[in-house]
Amino acid sequence: MIIDDHYYDVIIVGTGAGGGTLAYKLASTGKKILILERGDFMPLEEQNRSNIDIFQRDRYHAPEQWYDHTGEPFSPQTNYAIGGNTKIYGAALLRRREKDFEAVTHQAGISPEWCVKYDEFEPYYTEAENLYKVHGESQTDSTEPTHSADYPYPAVSHEPEIQKIYEAIANQGLHPSTIPLGLTRQEDDPTSDSEESCLVPALKSANVTLKTQAKVIALHTNPSGRSVKGVEAEVGGQSYLFLGDIVVLACGAINSAALLLRSANDSHPKGLANSSDQVGRNLMKSLLSSVVQLSTKPNNGSFQKSIYVNDFYWGDEDFPYPMGHIQNSGGLLTDIIFAESPPVFSIVARLMPNFGLKQLATHSIGWWAQTEDLPDSNNRVRLENNKIHIDYNPNNTEAHDRLIYRWTDVLKNIEKSLDGFRTGFLHPRAESPLQVVANQCGTCRFGDDPLTSVLDRDCRTHDLDNLYVVDGSFFPSNAAVSPALTIIANALRVGDRLAERLK
């Protein structure tokens, strides 16, 4: 093993929403920071693709296999590159609702309370929206939490055909809103991601070092087991050991948990930071289903998503439990997650015979229905023969089904007043499969009790004084909106705590 001849104040593992944002936050401290990323810079032609290639089964999948609860292998849809999954995400950056930080009763159980509430997150949400150039408005959605400042940029305009749908939804007595999106307004790279917003400016500081194609394989503790002394990584076929005072994991909820488990030693036989036996448990990834409207008029297949509806977020008069969030997918030739829904297009192909895949995509409007899944200790990440196994069974499914039924009824009603839709046709739906882990969270939950949580309220591990986790692992509960903005805001929050510690 080669021991790197530098000593760092902070070592950050991962460059996505958590790691990249934290690197940006700490760059101005002047402290010596090392960022380790297992991937490399992602060519522009691989980002934000707007053609039929996104439906290739191997595109945007990690070059490795994970295993489901039956032992069957699958290739996860996750991105190893500078910027992580923010390089391929839809850039929808929504705040958790204030009530999402409290204990909430769902039809299938309780979504637990957070130890840190919305009021503490709010200024960091505002900071995150400015950093990631969020375009939005907050007047039309009654579930929108309080803002200390307006969105920094105005909301995007709807495409003409989408504007008609927006108005038709409003005429049903619902309250459609414009999705807050992180946008650069650059034609070649339109979405604001961790690389663009955080890493590029951070790397202008001489105290920040980035090593790419550096796959971290283990953390090593000091003899007492109370702190991490080194980070072991494979770089160019060689094993390196990097030394530093503070280590921060931001590999994604699944990979961070796997790394902690893989780093077991005599002081931590169940894995690092795992005295509570909670590392890897309570994996959540959202219940996410696609619903398709069939159109007789073609679209270009590459327009920006722009509508969301939260009228059913907390339930309705017929179902007094949360159901979830609706948003349009944008053009189906740009929605990378939608490419994981081949059952939808199998049905569409039967309804629209003689259409090729591109024709199907350009004669369809896609919608996402998203419901909160609840923490379950049996839904977990575990290692077997050093391979990642994902034991995951969806829960809260009745609420999700009800959301889809409600939304299908809305689509049927609005199609009566719109030209260009096949009224009376089915609205095909499909659940996103296990390999879609875009909303992964919960595997190292934070809390005040070391017996039931892995991290404290500042996302430092209870068991090791200098080890932090700033990806979606810290979530005690999921929500019906994407976790991305909350991960970013939390990285900024933890960054303030680390800056104080580094003084």
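Select residues 376-491, which UniProt lists, in an unreviewed entry, as "domain: Glucose-methanol-choline oxidoreductase C-terminal". UniProt positions are given in the numbering used here, feature names are shortened, and annotations may be inferred rather than shown by experiment. The span is 23% helix and 14% strand, and its end C-alpha atoms lie 25 Å apart. Helices (H or I, at least four residues) and strands (E, at least two) are DSSP runs, numbered from the N terminus.

Residues are numbered from 1 along each chain as its sequence is written, and this is a predicted model, in which local features need pLDDT of at least 70 and side-chain atom pairs count only at pLDDT 80 or more, while totals for chains, interfaces and linings use all residues. Side-chain values use heavy atoms, with hydrogens and water left out.

Next select residues 80-284. UniProt lists them, again in an unreviewed entry, as "domain: Glucose-methanol-choline oxidoreductase N-terminal". Here the chain is 21% helix and 21% strand, with 20 Å between the end C-alpha atoms.

Now go to strands β11 (residues 214-221) and β12 (residues 228-235), which pair in the antiparallel sense over seven bridges. Two strands pair if DSSP finds at least two bridges between them. Click on Ala218: its bridge partner in β12 is Glu232. The two strands form a hairpin with six residues between them, and Gly225 in the turn has a positive phi of about 80 degrees.

Follow the chain onward to strand β13 (residues 238-249), which pairs with β12 in the antiparallel sense over six bridges. Val231 has Phe242 in β13 as its bridge partner. The hairpin of β12 and β13 has two residues between the strands, and Gly236 takes a positive phi near 60 degrees there.

Move to strand β2 (residues 33-36). Ile33 and Ile35 point one way, Leu34 and Leu36 point the other way, and all are buried. Buried means under 20% relative accessible area, exposed over 50%, and partly exposed in between (1.4 Å probe, protein chains only). Ile35 stands opposite Leu210 in β10.

For the cavity, select Asp100, His106, Tyr313, Trp314, Pro322, Met323, Gly324, Thr371, Glu372, Ala479 and Ala480, which line the largest cavity. On a 1 Å grid over the protein atoms alone, a cavity is a set of points where a 1.4 Å probe fits but cannot get out, and lining residues have an atom within 4 Å of a point. The count comes to one cavity of 30 Å³ or more. The largest holds about 50 Å³ of space; grid points are joined across faces, edges and corners, and a volume is the space filled by probe spheres set on the points. The lining divides into six nonpolar, three polar and two charged residues. Ala, Val, Leu, Ile, Met, Phe, Trp, Tyr, Cys and Pro count as nonpolar, Asp, Glu, Lys and Arg as charged, and the others, Gly among them, as polar.

Last, select Cys115 and Cys459. A search of the whole structure finds zero disulfides, a disulfide being a pair of cysteine sulfur atoms within 2.5 Å. The sulfur of Cys115 has its closest cysteine sulfur in Cys459, 8.0 Å away, which is too far for a bond. Cys115 counts as buried at 18% relative accessibility, and Cys459 counts as buried at 0%.

Notes
On a 1 Å grid over the protein atoms alone, a cavity is a set of points where a 1.4 Å probe fits but cannot get out, and a pocket is an open set with protein on both sides within 12 Å along at least five of seven lines; lining residues have an atom within 4 Å of a point.
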